[in-house]
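Hi,

Here is the structure I promised to send over. Have a look at it first, and then read on for what I found.

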Amino acid sequence: MRTSILRRLLMLALVPAAVAGLLVVAAPAQAARVSFFTLQNDINYWVNHQRVNHGCPRLRIDNRLIRAARDHSAYMARYGRFSHTGRGGSSFVTRVRRVGYSVPMSENIAWGYRTGAQVVNAWMRSPGHRRNILNCRARSVGTGAVYAANGTPYYTQDFGYR
């Protein structure tokens, strides 16, 4: 347990200050897998719940953002990398534009949580993630949940202005 905590602290220490506020990590729980569709839908439900409770409009689900988010989650899960930087050094803006969405806003990532509610609760406790979720200018969202070979879930949520 102590090694796991130290590893996470080291990971956070290595992240540039601009990105550090956007990271959330959790230890993988020993629990049965839930389908990635269920996880993605639950996250979208709880994000919209938070937005409505804080006076923001519900987000529209965009298939292009889902594709960008799932691709990034798959990359993180396959290589065990937890970062906003993706394949070939890509940023979320690059990934979102690559799938044909022209007005990307922000990105949240997480790993290890077993339910959508846990992911959103963690993001709401993180100032950077919370800011992304409660940005009332956001109009659309795409969430991707992918399991690594060892069963650890990785999450990406991309927000857009349109």
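The buried residues of helix H4 (residues 63-79) are covered by several elements, including strand S1 (60-61), helix H5 (92-98), S2, S3 and S4. Contact here means heavy atoms within 4.5 Å, and buried means under 20% relative accessible area, with exposed over 50% and partly exposed in between (1.4 Å probe, protein chains only). Helices (H or I, at least four residues) and strands (E, at least two) are DSSP runs, numbered from the N terminus.

Before I go further, the housekeeping. This is a predicted model, where local features need pLDDT of at least 70 and side-chain atom pairs count only at pLDDT 80 or more, while totals for chains, interfaces and linings use all residues. Residues are numbered from 1 along each chain as its sequence is written, and side-chain values use heavy atoms, with hydrogens and water left out.

Back to H4. Its buried residues are Leu 65, Ile 66, Ala 68, Ala 69, His 72, Ser 73, Tyr 75, Met 76 and Ala 77. After H4 comes Gly 80, which has a positive phi near 65°.

Now the sheet. The four strands make an open sheet in the order S1-S3-S4-S2, with mixed pairing. S1 and S2 are the edge strands, each pairing on one side only. Two strands count as paired if DSSP finds at least two bridges between them. Here is how the pairs look:

- S1 and S3 are parallel and share two bridges; Ile 61 sits opposite Val 141 in S3.
- S3 (residues 140-147) and S4 are antiparallel, with eight bridges. Among the partners, Ser 140 goes with Gly 160, Val 146 with Tyr 154, and Tyr 147 with Pro 153.
- S2 (residues 104-111) and S4 are antiparallel as well, with seven bridges; one of the pairs is Ala 110 with Tyr 155.

The hairpin of S3 and S4 has five residues between the strands, and Gly 151 in that hairpin takes a positive phi near 95°.

What about burial in S3 and S4? Eight of the eight residues of S3 are buried, so the rest of the structure largely encloses that strand. One side of S3 carries Ser 140, Gly 142, Gly 144 and Val 146, the other Val 141, Thr 143, Ala 145 and Tyr 147, and all of these are buried. S4 (residues 153-160) likewise has eight of its eight residues buried. There, Pro 153, Tyr 155, Gln 157 and Phe 159 point one way and Tyr 154, Thr 156, Asp 158 and Gly 160 the other.

How many disulfides are there? Counting pairs of cysteine sulfur atoms within 2.5 Å, the answer is one. Cys 56 and Cys 136 form it, with their sulfur atoms 1.9 Å apart. Cys 56 is in the loop between helix H3 (36-53) and S1, and Cys 136 is in the loop between helix H7 (127-133) and S3, so the pair ties together parts that are 80 residues apart in sequence. The torsion about the S-S bond is about -70°, so the disulfide is left-handed. Cys 56 is buried, at a relative accessible area of 6%, whereas Cys 136 is partly exposed, at 31%.

Finally, the whole chain. It has seven helices and four strands, running α-α-α-β-α-α-β-α-α-β-β from the N terminus. Of its 162 residues, 49% are buried. Among contacts between residues at least 6 apart in sequence, 73% join residues at least 24 apart. The accessible surface (Shrake-Rupley method, 1.4 Å probe; for residues, only the protein chains shown count as cover) comes to about 8,300 Å², with 56% of that belonging to carbon and sulfur atoms.

Cheers
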